[in-house]
Amino acid sequence: MVTIAEMLKGDEEAVHLAYHLNGKDYFFFCPSTEKILNIFLVHGENLEKIASEHLKKKATHLFSNGKEVFVVNKFGDVLSVELGTQQISLAESRENKADGGEEDGLLKVVTNLFSEVKSVCAVQGQSVVVLSDDYYRIKTLSAQNLQRILCISSLRRRFVSHIFLASLRYFFIFDDGKYFSLPPYQVKEIEHYYRESELLDLTEFGVTGPSFGVEIDGWALCFCDFSSNKCDFWIFDARLMKLALVQKGTFEDRESIVSAPHDKRAQLIKKQIQFELPRI
């Protein structure tokens with residue numbers, strides 16, 4: 001068996017996703033150097049490889065709507081992953097065989113977004129999937145039917161590099177460090193509610209560009225800003241719109257951070273950093 005740390009070590013551009021289904025934990029992993037999707041069953045800290053699917057194009061994003069897992073490739077194709085017992089058994093018998101691949105096993109093409117995807121925000125319980133592309137657009141799709149586009153918006157001639165959901169608000173962060181936020185009911189009409197004059201600037205706080213963001217305790221974002229192998233942890237209060245530096249640290253690569261469970265700690269691959277949420 002292999003650990004998650006071993007899988008991610010030295011491959012900062014790898015795409016990965018943790019997924020829970022029918023009482024089991026899965027780990028999906030697409031290395032940056034190969035056109036392949038590997039699926040592992042999680043046993044504590046160890047991973048057991050149960051399936052390996054060849055991809056026609058390099059994967060750039062993995063996300064889930066709570067019921068299915070989807071793979072997005074660099075040309076905007078979206079493929080669903082079947083995780084039923086029969087399909088998993090089929091994948092195991094075909095593992096590493098050259099004739100495997102899309103539409104011939106676990107993978108099925110769902111739709112094409114006709115553009116390179118920059119960021120995806122899909123949260124279990126939300127009726128939409130929100131993503132950004134390389135044409136400076138934000139697209140809102142139905143989570144249950146990704147072919148149904150609810151909204152397409154082009155707000156600035158800048159990429160939206162990160163999309164997060166925290167404190168029941170979506171945060172859209174542009175590649176120049178500026179951001180805006182909206183409640184979920186407004187993402188279907190972003191252009192109607194968006195005001196450029198209301199853009200806030202993360203660079204004013206010294207955050208040059210958050211590489212990772214997760215919800216903590218239902219109201220805050222944990223931003224991890226990486227520069228020269230130094231990692232600054234920030235807690236952003238989504239209610240008061242304030243930012244506070246929590247802790248500085250040094251890590252080998254930005255993929256060392258996986259998730260932040262709702263127990264006031266950041267779960268790291270190589271180590272854990274414990275911190276109390278600051279009073280802002």
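## Strands 2 and 3

Strand 2 and strand 3 run antiparallel and are joined by seven bridges. Strands here are DSSP runs of E with at least two residues, and helices are runs of H or I with at least four residues, both numbered from the N terminus. Two strands count as paired if DSSP finds at least two bridges between them. This is a predicted model: local features need pLDDT of at least 70, side-chain atom pairs count only at pLDDT 80 or more, and totals for chains, interfaces and linings use all residues. Residues are numbered from 1 along each chain as its sequence is written, and side-chain values use heavy atoms, with hydrogens and water left out.

Strand 2 and strand 3 form a hairpin with two residues between them. Asn22 sits in that turn, with a positive phi of about 50 degrees. His20 faces Asp25 of strand 3 across the pairing.

## Strand 3 and its other partner

On to strand 4. Strand 3 pairs with strand 4 in the antiparallel sense, over four bridges. Phe27 stands opposite Phe40 of strand 4.

How many of the seven residues of strand 3 are buried? Five are, and the strand is mostly covered. Buried means under 20% relative accessible area, exposed means over 50%, and partly exposed lies in between (1.4 Å probe, protein chains only).

The open sheet has five strands in the order 1-5-4-3-2, with antiparallel pairing. Strand 1 (2–3) and strand 2 are the edge strands, each pairing on one side only. Strand 1 runs antiparallel to strand 5, and two bridges join them. Thr3 has Asn46 of strand 5 as its bridge partner. In a regular strand the side chains alternate between the two faces of the sheet.

## Nonpolar cores

A nonpolar core is a set of buried Ala, Val, Leu, Ile, Met, Phe, Trp, Tyr and Cys residues joined through side-chain atoms within 4.5 Å. The largest one holds 22 residues. Tyr26, Phe28, Leu37, Ile39, Leu62, Val71 and Val81 touch the most other members. At least two residues of this core come from each of strand 2 (15–21), strand 3 (24–30), strand 4 (36–43), strand 5 (46–54), strand 6 (59–64), strand 7 (69–73) and strand 8 (77–81). Strand 2 gives the largest share, four residues.

Leu62 touches Val15, His16, Leu17, Phe28, Cys30, Leu37, Phe70 and Val71, not counting residues up to four places away in sequence. Contact means heavy atoms within 4.5 Å. A second, separate core has 17 residues, among them Tyr170, Phe172, Phe174 and Leu182.

## Ser132

Ser132 lies in strand 11 (residues 128–133). Is Ser132 buried or exposed? Ser132 counts as buried because its relative accessibility is 0%. A polar atom of the Ser132 side chain lies 2.6 Å from the backbone oxygen of Val160. Leaving aside neighbours within four places in sequence, Ser132 is in contact with Glu116, Val117, Lys118, Ser119, Arg137, Ile138, Val160 and Ile163.

## Whole protein

The protein has three helices and 24 strands. Of its 280 residues, 49% count as buried. Among contacts with a separation of 6 or more, 42% join residues 24 or more positions apart.

Technical notes
A polar contact is a pair of N or O atoms within 3.5 Å; within protein, one must be able to donate a hydrogen and the other to accept it, and residues adjacent in sequence count only if both atoms are side-chain atoms.
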